[in-house]
Amino acid sequence: MTETKCFAEVIAGKCAVLTCKKCQGHENCTMFKTEEQAKIDHEKAFERIASLPIETQEYISKAFYSGKMPWHKVVKKHDKN
Ligand code: SF4
């Protein structure tokens, strides 16, 4: 069975990531992802950030994560597996 519940649909019919606010339906939306796909993409993004030079990581940390570097926890968790 194909998953049709989008990670961004916070309340039935309401989109949390697009400015349209009302879900266009998964079949009409190029931003559709399942919760699992969104989690995998998020982890890949953190792995990519962790691979950047420390100066770039510090810039991203200050600009978007209040000085924190949450990607290190995700990457360490993967290293243990
Ligand atoms: S399918 Fe598109 S419009 Fe609907 S909740 Fe997901 S991202 Fe938003």
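## Basis of the model

Helices are DSSP runs of H or I with at least four residues, strands are runs of E with at least two, and both are numbered from the N terminus. The structure is a predicted model, in which local features need pLDDT of at least 70 and side-chain atom pairs count only at pLDDT 80 or more, whereas totals for chains, interfaces and linings use all residues. Residues are numbered from 1 along each chain as its sequence is written.

## Domains

The domain assignment, which is automatic or taken from a database, divides the protein into domain 1 (1-33) and domain 2 (35-80). Between the C-alpha centres of domain 1 and domain 2 there is a distance of 25 Å.

Glu43, which is in helix 1, is partly exposed, with 15 other C-beta atoms within 10 Å. Glu43 and Thr30 are separated by 13 residues in sequence and by 20 Å in space, C-alpha to C-alpha.

The axes of helix 1 and helix 3 come within 9 Å and cross at roughly 100° (lines fitted to C-alpha atoms over the stretch in contact, with angles from 0 to 180 degrees between N-to-C directions). Helix 1 is therefore roughly perpendicular to helix 3, a term for angles of 65 to 115 degrees. In this contact (C-beta atoms, placed from the backbone, within 7 Å), Glu43, Phe46, Glu47, Ile49 and Ala50 of helix 1 meet Trp71, His72, Val74 and Val75 of helix 3. By class, the contact has six nonpolar, one polar and two charged residues, where Ala, Val, Leu, Ile, Met, Phe, Trp, Tyr, Cys and Pro count as nonpolar, Asp, Glu, Lys and Arg as charged, and the others, Gly among them, as polar.

## Helix 2 and Ser66

Of the 11 residues of helix 2, the number buried is zero, so this helix lies largely in the open. Ser66 follows helix 2 and is placed in the loop between helix 2 (54-64) and helix 3 (71-80). Although Ser66 is not a glycine, it has a positive phi of about 50°. Ser66 counts as exposed because it has 7 C-beta neighbours inside 10 Å.

Technical notes: A residue is buried if 20 or more other C-beta atoms lie within 10 Å of its own, exposed if 12 or fewer, and partly exposed in between; C-beta atoms are placed from the backbone. Angles under 35 degrees count as roughly parallel, over 145 as roughly antiparallel, 65 to 115 as roughly perpendicular and the rest as oblique. Two residues are in contact if their C-beta atoms, placed from the backbone, lie within 7 Å.
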